[in-house]
Amino acid sequence: MTPSSDSGHGGPLEIRAGRRTVVVSRPGKVLFPADGITKAQLAEYYASVAPAMVPLIRGRPVAMERFPDGLGGQRFYHKNLSKTPEWIHTVAVAKRDGELTQVVCDDAATLVWMANYACITPHVWTARADRLMNPDQLIVDLDPPEGRFGEARRVALVVRDLLGELGLPSVAKTTGGKGIHVMAPLDRSARFDEVRAFADRLGAALVADDPARLTMEFRKEKRGDRLFVDMGRNAYAQHAVAPFAVRARDGAPVATPLHWSEVEDRRLRPERFTMKAVARRVEQADDPWGPLRGRSLTKPRRALERLTA
């Protein structure tokens, strides 16, 4: 990334992102008041992590979580674009009463372009634009009560072991909030309804094994102090926070791919993954996920049926 103009409120900032130069307007606008983080710093962060981030989100429709006036202002999900630069890729996504035109992030420049629109957090589909009905990811979203990240860490290891027993290798990332996502790559042979059915059965098996500490109850008031095993990401048009995405919280934590050895470490804390720390991690070519090879659900489905019969 190469800033080439004034980064103050008055003048635009040009950021080199891959093969393109993207203009960021009002670069000095503060998006994180408690931390003094500006729109320019957000855009520069996304340019810096793009080599690691783009391969993981390439081809996926994006819901842009935008904060035009920063964390203290309005928040909304921008899912339907009316006009974009000609070099931005988009895809028409069917919905019940029509369709949406959603951005598809295929390069570093698109990440910077989204940051210019105060998109602090891009959320991405678990399917790619060329086969929208066939996800290539299964996501187990582990959402513990506030202040109980250690519980999410513990359960992530349980999920990893169960998926492994079923024949599905998995990876993990912090959500940038209080939880962890465990993700199993799929080969896109199954459609969303099949993946969701498998995910629900998997979640039910996890809860049945530890009902005092785990729940699939959607309503917060009925969860008590139990961790919510959320399988809702595994349905058509649902999305999950993108790997390396900044979250709209004080401190600007980042949803960060993890080594399993990090998840095994009781000292793991999500707040340590700041924009600066994660940019340094990417610069050091620390790739905890490595090549992701999608697996078929056919054998894991049979194994899960035997396990839960």
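Student: Where does arginine 60 lie?
Tutor: Arginine 60 is in the loop between H1 and strand S5 (61–66); helices (H or I, at least four residues) and strands (E, at least two) are DSSP runs, numbered from the N terminus. This is a predicted model, where local features need pLDDT of at least 70 and side-chain atom pairs count only at pLDDT 80 or more, while totals for chains, interfaces and linings use all residues. Residues are numbered from 1 along each chain as its sequence is written, and side-chain values use heavy atoms, with hydrogens and water left out.

Student: Does arginine 60 count as buried or exposed?
Tutor: Buried, at 2% relative accessibility. The cut-offs are under 20% relative accessible area for buried, over 50% for exposed, and partly exposed in between (1.4 Å probe, protein chains only).

Student: What is arginine 60 in contact with?
Tutor: Leaving aside neighbours within four places in sequence, its contacts (heavy atoms within 4.5 Å) include Val103, Cys105, Trp125, Asp136 and Gln137. Also, a polar atom of the arginine 60 side chain lies 3.2 Å from the backbone oxygen of leucine 56.

Student: OK, new topic. How many residues has the largest nonpolar core?
Tutor: That core has 93 residues, and Tyr45, Tyr46, Leu142, Leu202 and Val246 have the most contacts inside it. By nonpolar core I mean a set of buried Ala, Val, Leu, Ile, Met, Phe, Trp, Tyr and Cys residues joined through side-chain atoms within 4.5 Å. Helix H1 (residues 39–57) gives the most to this core, with 12 residues.

Student: And what does valine 246 touch?
Tutor: Not counting residues up to four places away in sequence, valine 246 touches Phe32, Leu42, Tyr45 and Met275, among others.

Student: How many aromatic pairs are there?
Tutor: Five in the whole structure. Rings of Phe, Tyr and Trp (its six-membered ring) pair if their centres lie within 6.5 Å; planes under 30 degrees apart are stacked, over 60 edge-to-face, and the rest tilted. One of the five is phenylalanine 192 with tyrosine 236, edge-to-face at 6.1 Å centre to centre and 85° between the planes. Phenylalanine 192 is in helix H4 (residues 192–209) and tyrosine 236 in the loop between strand S14 (227–230) and strand S15 (239–241), so this pair ties together parts 44 residues apart in sequence.

Student: Which residues form a cluster?
Tutor: Trp125, Phe192 and Tyr236 form one aromatic cluster.

Student: What sits over the ring of phenylalanine 228?
Tutor: The charged end of arginine 223, 3.8 Å from the ring centre. The test is NZ of Lys or CZ of Arg within 6 Å of the ring centre and within 35 degrees of the ring normal.

Technical notes: A polar contact is a pair of N or O atoms within 3.5 Å; within protein, one must be able to donate a hydrogen and the other to accept it, and residues adjacent in sequence count only if both atoms are side-chain atoms.
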